[in-house]
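Thank you all for coming this morning.

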Amino acid sequence: MIYYVQKTIEELDSLLTKISCDGLFLLMDENTERLCFPLVANTALKNAVPIVIGASDANKGIESLCKIWQALINGGASRHSLLVNLGGGMITDIGGFAAATFKRGIRFVNIPTTLLSMVDAAVGGKTGINFSGLKNEIGAFRNSEAVVIDTSFLHTLDDENLRSGYAEMLKHALLSSEEMWYDHINFSLEHPNLGALQQMVEQSIAVKSSIVERDPHEHSLRKALNLGHTFGHAFESLALQRGRPILHGYAVAFGLCCELYLACLLTDFPEEKMQETLRFVHQYYGTFPLSDKDYPALLQFMRHDKKNTAGHINFTLLSDVGCPSLDNQATERQIIQALNQV
């Protein structure tokens, strides 16, 4: 259940009262503890056992996962306890996976505090951690008891994190309709209107929720949500390998550039719409530093992608805005051509 709230204190207390539990735990990272917890400090969460891990995707691994499990054990958590995940996509992903696996599964609530986690990570039941240098390599499908969306948290974000989340919104717009896509590529990320953005967030979540409801375990239609992600996850993995991680949404934005180019080659996506989208991405996200020496590593990362079948790299593409095409394959030459778009 998704709750859009305006008065977090009153509505969060009401929600937590409805979820009976014998132990309340609150997972945060160092940034959300400092910036976001003060906004909910006067709710029932003031009595929760705090669990704090390092910030950034570099901490979305087995070491942090073990820390969460150990904190739950130390705090006396049982199968009837509740874990509240307060933070961005990294926190909702790892917190959801920790809850899904602790004592074979405890309940959890997501309170996303970044634009990315509101429109992507906190909705849809995907949880997981990075492993062996690979993005989201270990995970499980597990739905939260509730997702609490309060866009007032967006005031805590810097420009980079706002743009990171917006890339997933742009992806949803490409999957939805020409009108929604047009609105998104004409939205100013230099001077964002947060009032307008709040309505766009609800619209974006509705697009994803509609797809997830029809295919919760990604057998068919839900694969459409992987648009931009085959290349995007490879960019993230390469950046982690370099020791210079990039935000997930930036990787997705660069991935969209590559996959829209492939769509022009393979599924007749209109070149003019590709160019307009690329112009928007390059204006607000820049480019990914890349040379031909990086191609083998990127191809290898793509070969490890979870969406692959029988050794083939699979891409979600579009034949037009709102018309996804699933399980497409490209030659190595075409993939390298697409990499030149970032």
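Leaving aside its neighbours within four places in sequence, which residues is N85 in contact with? Before I answer, please keep in mind that what you see is a predicted model. With the neighbours within four places in sequence left aside, N85 is in contact with L27, I91, T92, G95, G96, F108, V109, N110 and I111. As for where this residue sits, N85 belongs to strand β4, which covers residues 82-87. N85 has a relative accessible area of 0%, and since buried here means under 20%, N85 is counted as buried. One of the residues in that list deserves a second mention, because a polar contact is a pair of N or O atoms within 3.5 Å. The side chain of N85 makes such a polar contact with the side chain of N110, at 3.0 Å.

Let me move on to a helix, α4, which runs over residues 62-74 and has 13 residues. From its first C-alpha to its last, α4 reaches 18 Å, which is close to the 18 Å expected at 1.5 Å a residue. Which residues of α4 are buried? They are S64, L65, I68, A71 and L72. These residues cover an arc of only 125 degrees around the axis, and therefore they lie on the same side of α4. On the other side of α4, by contrast, E63, I73 and N74 are exposed. If you now ask what covers the buried residues of α4, the answer includes the strands β2 (24-29), β3 (49-53) and β6 (126-131), together with the helix α5 (89-101). After α4 comes G76, whose phi is positive, near 75 degrees.

Finally, I would like to step back to the protein chain as a whole, whose secondary structure comes to 14 helices and 10 strands. The radius of gyration is 20 Å, close to the 20 Å that the globule rule gives for 342 residues, so the chain is as compact as a globular protein of that length. Taken along the principal axes, the C-alpha atoms fill a box of roughly 55 × 40 × 35 Å. Of the 342 residues, 56% count as buried. Among contacts between residues at least 6 apart in sequence, 77% join residues at least 24 apart. The accessible surface of the chain comes to about 14,600 Å², and 48% of that surface belongs to carbon and sulfur atoms.

Methods
Residues numbered from 1 in each chain as written. Predicted model: local features only at pLDDT ≥ 70, side-chain atom pairs only at ≥ 80, totals over all residues. Heavy atoms only, no water. Helix = DSSP H or I, 4+ residues; strand = E, 2+ residues; numbered from the N terminus. Expected span 1.5 Å × (residues − 1). Buried < 20%, exposed > 50% of the residue type's maximum accessible area, 1.4 Å probe, protein only. Arc of directions from axis to C-beta. Contact = heavy atoms within 4.5 Å. Polar contact = N/O pair within 3.5 Å; in protein donor to acceptor, adjacent residues only side chain to side chain. Rg over C-alpha atoms; globule rule 2.2 N^0.38 Å. Areas by Shrake-Rupley, 256 points an atom, 1.4 Å probe, with all protein chains shown as cover.
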